[in-house]
Amino acid sequence: MSPDRPATRLAPYARLPRVYRDRHVLHSTVDAYGRVHWLLTERPPDPLRENPYDALVVTVEEGGRPYETQLSAVRARFTRFDALPDGGFVLANARSRRGEEHVQVFDVLGRTSHTFRVGDAIEDLLVDEAGDIWVGYFDEGVFGDDELSRRACDAGAAPANRSGRTSPVPTTTRSATATP
């Protein structure tokens, strides 16, 4: 943790508030600012049907009360999500077909503002403090037949902005020889 940013203790608020315990938890995350978020639905989405559904994000900040954001027309079945610095959210379906825009960016009011594609087999999705979206893939993305996933893995880490455009990340080379 940097000196200008104290460590955030998660214990005081890292449990789903009791009032939401009857909901189905699709995913949870702690964002770059230490806020905890739960993505909830009334019941699990049917993985065989592609009907959009509504979801509820419950957010708790340290020392704060929970607050809600309703998301409309969510399409992800095997969800990865994180919060954006402006109060919106990004959700992605871990699996995708070629040409399918499987990442949805929601504004602070819970409406879809952008959709795009990042490739198949998403293992991790994180948003940094600048709002850049970072994606990690599991083995089927790295070694599978999805060209976009494979190309992203071959190129190394590259963040995407909220409209899906990637920006190059400077690379450094390290010597293969260790110095004593």
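**Arg-95 is partly exposed, at 33% relative accessible area, in this predicted model.** Partly exposed lies between buried, under 20% relative accessible area, and exposed, over 50% (1.4 Å probe, protein chains only). The model is predicted: local features need pLDDT of at least 70, side-chain atom pairs count only at pLDDT 80 or more, and totals for chains, interfaces and linings use all residues. Residues are numbered from 1 along each chain as its sequence is written, and side-chain values use heavy atoms, with hydrogens and water left out. Asp-120 and Arg-95 form a salt bridge, with 2.7 Å between the closest N and O atoms. Asp-120 sits in the loop between strand 8 and strand 9 (122-127), and Arg-95 in the loop between strand 6 (89-93) and strand 7, so the pair ties together parts 25 residues apart in sequence. A salt bridge here is a side-chain nitrogen of Lys or Arg within 4 Å of a carboxyl oxygen of Asp or Glu. Strands are DSSP runs of E, at least two residues, and helices are runs of H or I, at least four, numbered from the N terminus. Asp-120 is buried, with 10% relative accessible area.

**Arg-23 and Glu-42 meet in a salt bridge.** The closest N and O atoms are 3.5 Å apart. Arg-23 belongs to the segment before strand 1, and Glu-42 to the loop between strand 2 and strand 3 (53-60), so the bridge ties together parts 19 residues apart in sequence. Arg-23 is partly exposed at 26% relative accessible area. Glu-42 is exposed at 55%. The count of salt bridges comes to four. Side chains of opposite charge can pair when their charged atoms come close.

**Asp-107 and Arg-111 form a salt bridge.** The N to O distance between the two side chains is 3.0 Å. Arg-111 is partly exposed, with a relative accessible area of 47%.

**His-24 lies in strand 1.** At 29% relative accessibility, His-24 is partly exposed. His-24 and Arg-43 are 19 residues apart in sequence, yet 5.4 Å apart in space, C-alpha to C-alpha. Not counting residues up to four places away in sequence, His-24 touches Leu-39, Leu-40, Thr-41, Glu-42, Arg-43 and Pro-44. Contact means heavy atoms within 4.5 Å.

**An open sheet of four strands has the order 1-2-3-4.** Pairing is antiparallel. Strand 1 (24-30) and strand 4 are the edges, each with a single partner strand, so one side of each is left without a neighbour in the sheet. The twist averages 20 degrees from one strand to the next. Axes are lines fitted to C-alpha atoms, for helices over the stretch in contact, and angles between N-to-C directions run from 0 to 180 degrees. Two strands pair if DSSP finds at least two bridges between them. Six bridges join strand 1 and strand 2 (residues 36-41) in the antiparallel sense. Val-25 faces Leu-40 of strand 2 across this pairing.

**Strand 3 and strand 4 form a hairpin.** Six residues lie between the two strands. In the turn, Gly-63 has a positive phi of about 75 degrees. Strand 3 and strand 4 run antiparallel and are joined by six bridges. Val-58 has Glu-68 in strand 4 as its bridge partner.

**A further open sheet of four strands has the order 5-6-7-8.** Its pairing is antiparallel. Strand 5 and strand 8 (112-116) are the edge strands, and each pairs on one side only. Neighbouring strands are turned by 15 degrees against each other on average, direction ignored. Strand 7 (residues 103-106) pairs with strand 8 over four bridges, in the antiparallel sense. Val-103 stands opposite Phe-116 in strand 8.

**Arg-77 is buried yet has no salt bridge.** Arg-77 occupies the loop between strand 4 (67-74) and strand 5 (79-83). The nearest side chain of opposite charge is Asp-46, 6.6 Å away. Lys and Arg count as positive, Asp and Glu as negative; His and the chain ends are not counted. The Arg-77 side chain reaches the backbone oxygen of Arg-75 at 3.5 Å. Leaving aside neighbours within four places in sequence, residues in contact with Arg-77 include Pro-45, Asp-46, Pro-47, Arg-49 and Glu-50. Asn-51, Pro-52, Tyr-53 and Asn-93 are also among the contacts of Arg-77.

How values were computed:
Polar contact = N/O pair within 3.5 Å; in protein donor to acceptor, adjacent residues only side chain to side chain.
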